[in-house]
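Reader: I am new to reading structures. Please take me through one part slowly, then show me what else is there.

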There are 2 protein chains.
Amino acid sequence: MSVTVVGSIAFDAVKTPFGEREKMLGGSAVHFSLAASFFDDVLVVGPVGDDFGPDEYEVLEGRGIETADIERVPGGRTFFWKGEYGWDLNDRETLDTQLNVFADFEPKLSAASRASDVLFLANIQPDLQREVRAQWGGTGFVALDSMNLWIETARDSLIETIGGVDCLMLNDAELRQLTREPNLVLAARQVREWGPSVVVAKRGEYGAAMITDEGFFGLPAFPLETVVDPTGAGDSFAGGFVGYVAAHPNDERDHALLSRAMAYGTALASYNVEEFGVERVARLTSDELADRVAELQRITRFDEQPIVLRH
Amino acid sequence: MSVTVVGSIAFDAVKTPFGEREKMLGGSAVHFSLAASFFDDVLVVGPVGDDFGPDEYEVLEGRGIETADIERVPGGRTFFWKGEYGWDLNDRETLDTQLNVFADFEPKLSAASRASDVLFLANIQPDLQREVRAQWGGTGFVALDSMNLWIETARDSLIETIGGVDCLMLNDAELRQLTREPNLVLAARQVREWGPSVVVAKRGEYGAAMITDEGFFGLPAFPLETVVDPTGAGDSFAGGFVGYVAAHPNDERDHALLSRAMAYGTALASYNVEEFGVERVARLTSDELADRVAELQRITRFDEQPIVLRH
């Protein structure tokens, strides 16, 4: 099986209290692909410019990711984002956004990308996401991410797009904003009425929560002493989650399997933020990943020991 | 064994999008006591005025709570708090605070209160907490709560007080403010250098996290469709947590037991917010409590199913 991801491929400039990088590989499709590559074949679709060179391809291909659907725009420049994080890493300021080749991106899926079993629609304009969904020929699992910009400027289109996917993954603040419902359980119910059977709320340092036909599942984030750069954490989570799903046949994709997928997503997000950009995940080993999932299980499990209550 | 709690006994006026109450029983010591009463004998210490009558005593005594150390101040009025919650229940505005008898509160522990095995210092001025700690004769588990007011106005005293307890329980924003460290793991390390071996960060709708000598434990909050009144959730959590600890001998109070205590705290907090004030917990049954803890375990557990990773 395989998973196709359509989204941004970028250069990021990031400054945090722990250091800075002036130009590093980033973008939602990149973070997603690297995380998902631990589980399944990944095909990445997105535009780049002339400045996207062999070193960048090598990061992806070194993890076995199929790059044939990366569209290289002659004379163009790759999407660029510059941001700075404060001492509290929840405070992020965007200093510069240059859409460049991303401004005119018209996704074209190759036969191979169309034939994948699983599709991840990373955060791009919802009309484009719907266009990708229409091109894609698969019948397996489709997950979608979005952001506050589209909720504010293209809410109706986004809701229509959400209607065509199996799983919506959003930050919990965006989920509230989209549904206009502050309660997570009710917000998820609203989304499920629009179409998706699975709703995942990404909660940053607080972890993630999921609601399916079978109910709720929640996990805290993996505790870290050092968070160097939060950029791409959500996409790494999505790559771990969706990649794990893609590695299993459709009839096994029940609540229990999706709960395990949440654990892999959580583990990959935690590695992602330990260093700048993709630096940590690009050299992550499968043993390290398995160790962190096991540790995550240990630190969230409490024994069943029925107590005789006094009253 | 038994647990003594020293804190506020109050009347609250609360308005939320789901309704309002003009005068209902509240206060940190009350919410704590009701929650802890499921596990162990509870002795409650705090001041009340003439307006605190048989109905209020009955709520406590109906759950077997020892009220002999409630100090009734003749001619005085009970502590009064009035607040309103917005549609997003994280937004809370205090409309009125009347300290009344609480302004001159000088805690005096009776022989019975001094002889308890476990002590909970609910949120009061840190000098008073230290005074209570000095009066108390026990050698068991001592836990302490505080708030932003004391961090801002009496930080040195608070840190000295924290140095004399086993467990600090704070909202995570207060933990950051107190330690001046945004990272939870590092904030907990700082607190543990001051004295306590156990640090619990209450995270509201995101649950709670704990750090002990044996490491980290985290739980999401129990998911609820309807949160009617968040007042007292933190104290109900503390009552469940500390009450569970109190019901077990000192040599069993290890990380695994404290993790189970976190689950009982989480369950009690979730019941507390389902209705106004103490209304839900006051009529809660032990079967309902056990059911919710079992459900909490189910919705936070993922199976061990090692996957053969692709790379």
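Author: Start with one pair of residues. This model is predicted. In chain B, B:Phe80 stands opposite B:Gln98 of strand E7(B). Now widen the view to the two strands here. Strand E6 (residues 79–85) of chain B is joined to E7(B) by 6 bridges. The two run antiparallel. In general, strands of a sheet pair through backbone hydrogen bonds, either parallel or antiparallel.

Next, take in the whole sheet. It is open and has 4 strands, in the order E3-E2-E6-E7 (chain B). The pairing across the sheet is mixed. Strand E3 (19–26) and strand E7 (92–98) of chain B are the edge strands, and each pairs on one side only. On average, neighbouring strands are turned by 15 degrees against each other, direction ignored.

Chain B also meets chain A. There, 47 residues of chain B are in contact with 47 residues of chain A. On the chain B side, the elements giving two or more residues are helix H8 (184–194), strand E13 (215–219), helix H10 (255–272) and helix H12 (286–298). The residues on this side of chain B divide into 25 nonpolar, 12 polar and 10 charged.

Finish with a helix in chain A. Helix H6 (residues 155–162) of chain A has these buried residues: A:Leu158, A:Thr161 and A:Ile162. They lie on the same side of H6(A), because they cover an arc of only 100 degrees around the axis. Their cover includes helix H4 (126–135), strand E9 (142–145), helix H5 (148–153), strand E10 (167–171) and helix H8 (184–194) of chain A.

Note on methods
Residues numbered from 1 in each chain as written. Chains lettered and ligands numbered in written order. Predicted model: local features only at pLDDT ≥ 70, side-chain atom pairs only at ≥ 80, totals over all residues. Contact = placed C-beta atoms within 7 Å. Nonpolar A, V, L, I, M, F, W, Y, C, P; charged D, E, K, R; others polar. Buried ≥ 20, exposed ≤ 12 C-beta atoms within 10 Å, placed from the backbone. Arc of directions from axis to C-beta. Pairing = 2+ DSSP bridges. Axes fitted to C-alpha atoms, helices over the stretch in contact; angles between N-to-C directions.
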